[in-house]
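Here is a short briefing for a first look at a structure. Please keep the sequence and the model in view while reading.

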Amino acid sequence: MFGLITWFQGSFSVAAALVFLYASLDVADNLSPQGCRMSYMNPLYIPQTQFNSTWTPLAERYSLVLYREDQWEREWQLHGGIPVLFIPGNAGSSGQVRSIASSATRQYYSRPNVPAYETWSRNMKALDFFAADFNEDLSAFHGPTLQAQIEYCARAISYILSLYPPNTSIIIMGHSMGGIVATSLLPSKDISSIITMSTPHTLPPARFDQRVDEIYARNREIMLHDSTPILSLCGGAMDMMIPSESCILPPLVEGLPIPYRRTVFSSALEGAWTGVGHREMVWCHQVRWRVARAAMELSMASSLAERGLILDKWFRDGHTLPPAENAEVFESFPLPEDQSRILSPGERLVLAQPEGSQTYLFPISKENTTDHRFVLFVSQGSVPPVSPQKPNSLRISVARCFGLTASLNCKTLHPLVHKLIPNPIPGNIFPVPQQGTDESEGVVVFEADVIPESNSEAQWIAVNIERAAGEGWLVGGFVSADQIFDDVSMTKMLLGGTRVTLLDPAALWTSVRFPKLSSNALVVYRVVPLTTEDVLCRDQPLFPPLLVHNSHPAETHYFPLTSQPPRRILLHTHGSAPYVHSNHGRSEGFELVIYSVINGCSMQLRGFDLRIDWTATLGRWSTRYFTTVVCWAVGIVSLVVCKAWRSGESNGILCVPPVSHSLRDFGQRQLPKLMLLSYLLSLLPLPDYLFIGMEGEWLYAPIAPLLLMVASGLVCVSWMLLVVLMWPIGMIRHIYSPRPQEEVISARRSTLVSMCFIFALIIFFIPWQVAYLCCWLIHLQSCALDRFPLPEPVSQVGTAIPLLSRDESPSGGRGGSEQPSHKHLISNSHHRAHLLLLMTWLLPLAAPVLVVWVRTLVTAGLSTPFDGDHFFLNVVPFMILVDFASWTSNPLLQKHRLVVEKYFSASWTLWLVAGVAFFVGPRKTYHVFDAARLAIGMLTVLRIGPQYWGGNPWRLSIPQMQLFR
């Protein structure tokens, strides 16, 4: 029944699916692991019953609640500060507000109903957290549902602000698709700021509805021109619901005013340094308390500039320098001998548990032209304005000085890098699962390039220590600013990898640059540390080697380098990815920085091996090309059906082969050519929204033939499953409802009445996707009945055969009294089977909206109409074709003498479907069904036409056209 090549394709696709599944699970566990502390709260939700249908008809479908931390604050009385509206995402609920709202309450109050000194001394007021409840609607799949949520939230803002004094503004927080809703509320003078969490700003996670794309396009224009500050928090590779490259805010356009737009990855967020899952983003303690604190501070801001500074302060990721506390000033001051020390050239300052106040002077050598980068590490203390959230009393300042030590002229030393980095515990997993990082942890790193000035004065770097109380440590000194360049190519990486040897294993700072390696979301590298360790040594490094990977201007990852890492060290990025436009273009090359403080005989890092981690790489492919595989499967089915339906057109009578033969023929003849063609097309610099979305990068060209092979195998597997499914259905139908023996020459009146009734239902109540599902089920039953052999027709003796004109065939027109040939019936059966395969693969493109409608019906009932999807013409061609195929005994979809089809065959429209599926479908999936609807519609009009109601087929030939002229 199935050929060897079909079994091979099916087995390959199943094996590939299992490998991709395993790889994607491995990505979730190892690529950007999560270390989040669980948050706890005492939630109390107060329904806002006054926000009813007088405000908006959607109040009967959705609801609004006010959050209160039980026993910590007054329940019914508003605080009078700035309100906050939390908008949940796809299948989210209002209860997700509880973690952030609880943190804001407990930061404002020191104990129940008693404000903390820090808050009341600044005249800060507590926040009122409101949350919209959308009954867990699936807004990611359906544009009208998303638009309904936008309209509801717009009215909710008006209601909330009516409870406050005039000119009060509101802070909007959106999780997942709630961030899309939040952005769509702009422009609005009532919105102070927007904070989105795990929101796919640039690429819809489900691309089945054109109206969702229209909302995204509108939001892009809004973000270009509106001045409201927007901050996007992204969870990185741990977020398996959306690709995190879509969480990055779209690039701005040069020449336009630059509003506040900032993206922060949780792996770079100072004090968090962890990947965060999609749903975990709202309750991860290391993130939620910062969101709550930022909202509290925003309530006191009065200008856009102040709001931007507040967001920068509480969501620091080290990619930009913090605002300087003091302006650059020259200061002359003497140094007492008992409070100062001059270090010798090249000497490193190492202080463990310092005490008191002291100034250390590093001489700047004019002869040494290489070691001119100054690096300083401070543990548990502060180098203002950077410090852990709960630092100790240790305070450090750095200045550049000139002159003699008796009287120095000093000015503030401006850094190149000034941020907080993690200090993982050696031998432990980082980040610690279910625990993460404490607010008091972290090491401040201060880097500055110091170029000697050409004057005769002595030059110094002064490190001033204040209020040290025997806690923490400090290490500083000069290092070489030269980078290690490794020109390894991607070809060599594919063949094995490279080894990097460090020039100075004990250096405080080392930079390694790989200028020719690809930095893309589709490739993951693995680092294997090479260490030297004395087993008899008991010294522990003060700061073990820490690898820093700045993979994107908004993304940083930290990895402790130990001799036996507890998990694989995997380098990845979200800067460049398929189907996502980036203002960075092709991302080639990346840099690694290694910080370390090695003391005594402790472990030293000699270097590391770098190679491609294929397991994690395949896991990245599976999450980004799932929709591509589905669309390409539709394209493959379209090519298979087109070839089968055109097999007998040259003779005027269709002799359609079985589906199994068509699949076998495709696998043997067409698939190898398509695989080669797909590889060549992948090398073309196509736009990032076409084909595989990689703009012709040769490294990723093999992905196209691989996806094509997987998609073709899935088509074979789907037909095998349909055959298995049709056997019991056909048996039951054959026993209880056999095929009628009388010949039907036109659509039944009851069928036409039923269709009209269905059209009315679509217009007023159900979406057309419901009718398509019913159409598929009916056709499945028809094809299931075809699985049983048809008896040879018996000629009726004595039946008169009417005379026919030369232009009429025995099977055409109303002269249908002649028994159809057995060959026609078998061909029609195969014809229907090919149509079933095509409709089956179109079903996933229509099913999401169907699921949304069922869920809306269950949760909201008939309280509000289901907007959109009532254009019944979307399904009319399928209904007519399925019904006609179920009763006609004439050759199905036979080519007629039409002037149109003399030069253009209607079946060629299936090539159009294949082209749209292969090139446009991966990014704009909804166009695939549109193309299929047009193709089936044209086939229905040209090949069926008047035959559906019992008339003669179209027979308008060229001589007749000339006669009419």
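Helix H14 covers residues 749–764, and its 16 residues reach 23 Å from first C-alpha to last. That is close to the 22 Å expected at 1.5 Å a residue, where the expected span is 1.5 Å times one less than the number of residues. The model is predicted: local features need pLDDT of at least 70, side-chain atom pairs count only at pLDDT 80 or more, and totals for chains, interfaces and linings use all residues. Residues are numbered from 1 along each chain as its sequence is written, and side-chain values use heavy atoms, with hydrogens and water left out.

**Helix H14**
- The buried residues of H14 are Thr751, Met755, Phe759 and Ile762 (buried means under 20% relative accessible area, exposed over 50%, partly exposed in between, with a 1.4 Å probe and protein chains only).
- Seen down the axis of H14, these residues fall within an arc of 80°, so they line one face of the helix (the arc is that of the directions from the helix axis to the C-beta atoms).
- An α-helix has 3.6 residues a turn, so residues three or four places apart point the same way.
- The buried residues of H14 pack against helix H15 (768–786) and helix H17 (876–887) (contact means heavy atoms within 4.5 Å).
- The face turned away from the buried side of H14 carries the exposed residues Arg749, Val753, Cys756, Phe757 and Phe764.

**The whole chain**
- The protein chain has 21 helices and 30 strands (DSSP runs numbered from the N terminus: helices are H or I with at least four residues, strands are E with at least two).
- Of its 965 residues, 57% count as buried.
- Among contacts with a separation of 6 or more, 82% join residues 24 or more positions apart.

**Cavities**
- The whole structure holds six cavities of 30 Å³ or more (a cavity is a set of points on a 1 Å grid over the protein atoms alone where a 1.4 Å probe fits but cannot get out; lining residues have an atom within 4 Å of a point).
- The largest cavity has about 240 Å³ of space (the volume is the space filled by probe spheres set on the points, which are joined across faces, edges and corners).
- The largest cavity is lined by 22 residues, and the closest to its centre are Pro33, Phe430, Pro431, Tyr558 and Phe559.
- Strand E27 (residues 555–560) gives the most to this lining, with five residues.

- Val630 sits in helix H11 (residues 626–645). Val630 is buried, at 16% relative accessible area.
- Not counting residues up to four places away in sequence, Val630 touches Trp841, Pro844 and Leu845.
- Arg37 lies in the loop between helix H1 (4–30) and strand E1 (43–47). Arg37 is also buried, with a relative accessible area of 18%.
- Beyond four places in sequence, the contacts of Arg37 include Trp283, His285, Gln434 and Asp438.

**Backbone features**
- Most residues other than glycine have a negative phi, and most peptide bonds are trans.
- A cis peptide bond joins Leu186 and Pro187, with omega about -5°.
- The bond from Pro384 to Pro385 is cis, with omega near 10°.
- Asn113 has a positive phi near 65° and is partly exposed, at 43% relative accessibility.
- Gln353 has a positive phi of about 55° and is exposed, at 55%.

Technical notes. 1 Å grid on protein atoms, 1.4 Å probe; cavity = no way out; pocket = protein on both sides within 12 Å on 5 of 7 lines; lining within 4 Å.
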